[in-house]
Amino acid sequence: MTVPTEAALIAANPLRDPRDRRIPRLAGPCAVVMFGVTGDLARKKLLPALYDLANRGLLPPGFSLVGFARRDWTDEDFDRQVYDAVRAHARTPFRDAVWRQLSEGIRFVRGEFAEDEAFDNLAATLAKLDRERGTGGNYAFYLSVPPRAFPEVVGQLKRSGLSTPQPEHGRMPWRRVVIEKPFGHDLASARELNRTLDSVFPASAVFRIDHYLGKETVQNLLALRFANELFEPIWNRGYVDHVQITMAEDIGIGGRAGYYDGIGAARDVIQNHLLQLLALTAMEEPVSFAAESLRAEKQKVLSAVKLPDNLALGTARGQYSAGWQGGIEVIGFLEEDGIPASSTTETYAAVRLDIDTRRWAGVPFYLRTGKRLPTRMTEIAVMFQRAPHLPFAATDTQELGQNALVIRVQPDEGVTLRFGSKVPGSAMEVRDVNMDFAYGESFTEASPEAYERLLLDVLIGDPPLFPRQEEVELSWQILDPIENFWASQGKPEQYPAGSAGPPGADELMARDGRAWRRI
């Protein structure tokens with residue numbers, strides 16, 4: 001018997017024309033099993049995002065949520081935990097009717113990852129939900145757990161049969177697994193993790209989640225580049241001087257010492273978030289926005305990345321020391337709870353990368369990230385070459401900087417175009433001015449949280465925004481030589497909390513005759 005695919009079932013519905021933008025994408029019958037429901041990510045992001053999807057009418061009436069943890073909770077206890085998380089962190093207004101419908105499908109399974117019985121109970125709970133709630137055997141397993149637990153959880157899903165669906169009523173249910181970063185801690189561990197996943201789930205069922213790719217502004221980068229003719233002719237080495245990609249945080253490590261020490265800023269942010277932003281900025285136009293086309297173009301960019309010949313001159317790293325942040329005196333990284341005084345983990349990382357393609361040859365991409373910096377912001381700044389200024393006297397343009405197109409990813413989502421304009425008056429004086437587009441001013445609808453978009457994509461089975469295995473491994477091939485070099489260089493430079501980073505980062509740019517944009 002031929003089992004119809006989801007796409008065929010949708011196409012058979014004459015009311016679901018995929019060209020009709022008025023009809024939102026809706027998840028079909030399904031259940032989400034969340035491992036790690038007691039963590040901050042689940043409480044602050046994942047559980048509220050599921051409620052927000054339900055509040056927007058994007059989840060089916062029988063949608064079910066199963067929490068798995070070692071806490072001695074009943075279904076009612078877990079229900080209360082979800083309720084508290086939703087009331088504290090949901091983006092959309094709380095509505096009793098929506099909560100009651102969502103609450104009816106909430107279940108909890110207690111157990112350890114090593115307990116066969118716990119996973120057998122999980123399988124029985126899901127089978128019961130299929131009968132009572134009509135979830136149809138469609139399950140998404142969200143692994144919000146430490147990476148070291150991935151193999152054990154995935155192995156238990158295989159042993160209990162939960163990873164392998166059986167045909168039901170002429171259709172094949174789906175099973176999907178969602179993996180949170182980091183995807184390994186180097187190339188070897190990433191490949192081992194991929195082998196583990198491949199032994200249990202097909203590649204199409206593995207969703208490696210990078211929440212930055214779910215942000216509206218990141219997706220708008222694709223629209224900005226490929227829906228407009230304005231930028232494409234100048235999006236190349238003939239006009240672009242360099243590109244700066246920045247993710248700055250004004251907070252320290254908080255209570256994440258156990259995770260952060262030994263990982264550091266580069267593994268935590270550059271390997272995933274910033275290299276993905278680089279790939280989207282530099283890639284060629286895809287044939288379509290289908291997953292294979294989009295991922296293929298990103299993969300081409302990552303495979304063409306070239307490291308600096310001298311890593312001592314082309315990279316910089318630092319550790320924040322005690323200082324002042326927002327008028328409050330704060331401690332340094334080495335004084336944080338759980339951080340040993342001998343730690344060489346960096347809290348700031350900067351690197352120059354080149355892309356060996358015809359479009360970008362000779363155009364450096366500068367990536368930086370850090371904690372305890374002056375402000376929280378993420379942006380992509382495309383810096384254009386300076387005009388020769390032949391008709392102007394030197395004094396006419398002394399206040400003029402470089403033209404720039406700045407894509408603000410967070411927190412003030414939008415786009416800024418910076419160019420020179422004459423200052424009113426009798427003299428010819430040219431100074432920088434900005435043209436701003438802000439999401440909050442141009443659209444009445446608030447942007448959904450990144451996890452809303454990505455969770456919905458998992459439930460629908462739409463993978464373009466999820467990096468595939470090859471992208472992850474290419475990213476580690478870029479970062480591993482840098483990490484190996486840093487490991488032989490002793491402690492990172494110190495920089496005061498609240499400052500813009502270590503002196504070495506400014507020196508990195510100064511050697512190329514450039515400067516970082518102000519944070």
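This is a predicted model: local features need pLDDT of at least 70, side-chain atom pairs count only at pLDDT 80 or more; totals for chains, interfaces and linings use all residues.
Local features need pLDDT of at least 70 and side-chain atom pairs count only at pLDDT 80 or more, whereas totals for chains, interfaces and linings use all residues. Residues are numbered from 1 along each chain as its sequence is written, and side-chain values use heavy atoms, with hydrogens and water left out.

View 1. Helices (H or I, at least four residues) and strands (E, at least two) are DSSP runs, numbered from the N terminus. Asp-40 is partly exposed, with a relative accessible area of 45%, and Arg-43 is partly exposed at 34%. Buried means under 20% relative accessible area, exposed over 50%, and partly exposed in between (1.4 Å probe, protein chains only).

**View 2. Glu-284 and Arg-359 form a salt bridge.** The N to O distance is 2.8 Å. Glu-284 lies in the loop between helices H10 and H11 and Arg-359 in the loop between strands S12 and S13, so the pair ties together parts 75 residues apart in sequence. Glu-284 is partly exposed (34%), while Arg-359 is buried (13%).

**View 3. Lys-298 and Glu-471 meet in a salt bridge.** The N to O distance is 3.1 Å. Lys-298 belongs to helix H11 and Glu-471 to helix H15 (residues 469–487), so parts 173 residues apart in sequence are tied together. Both residues, Lys-298 and Glu-471, are buried.

How values were computed:
A salt bridge is a side-chain nitrogen of Lys or Arg within 4 Å of a carboxyl oxygen of Asp or Glu.
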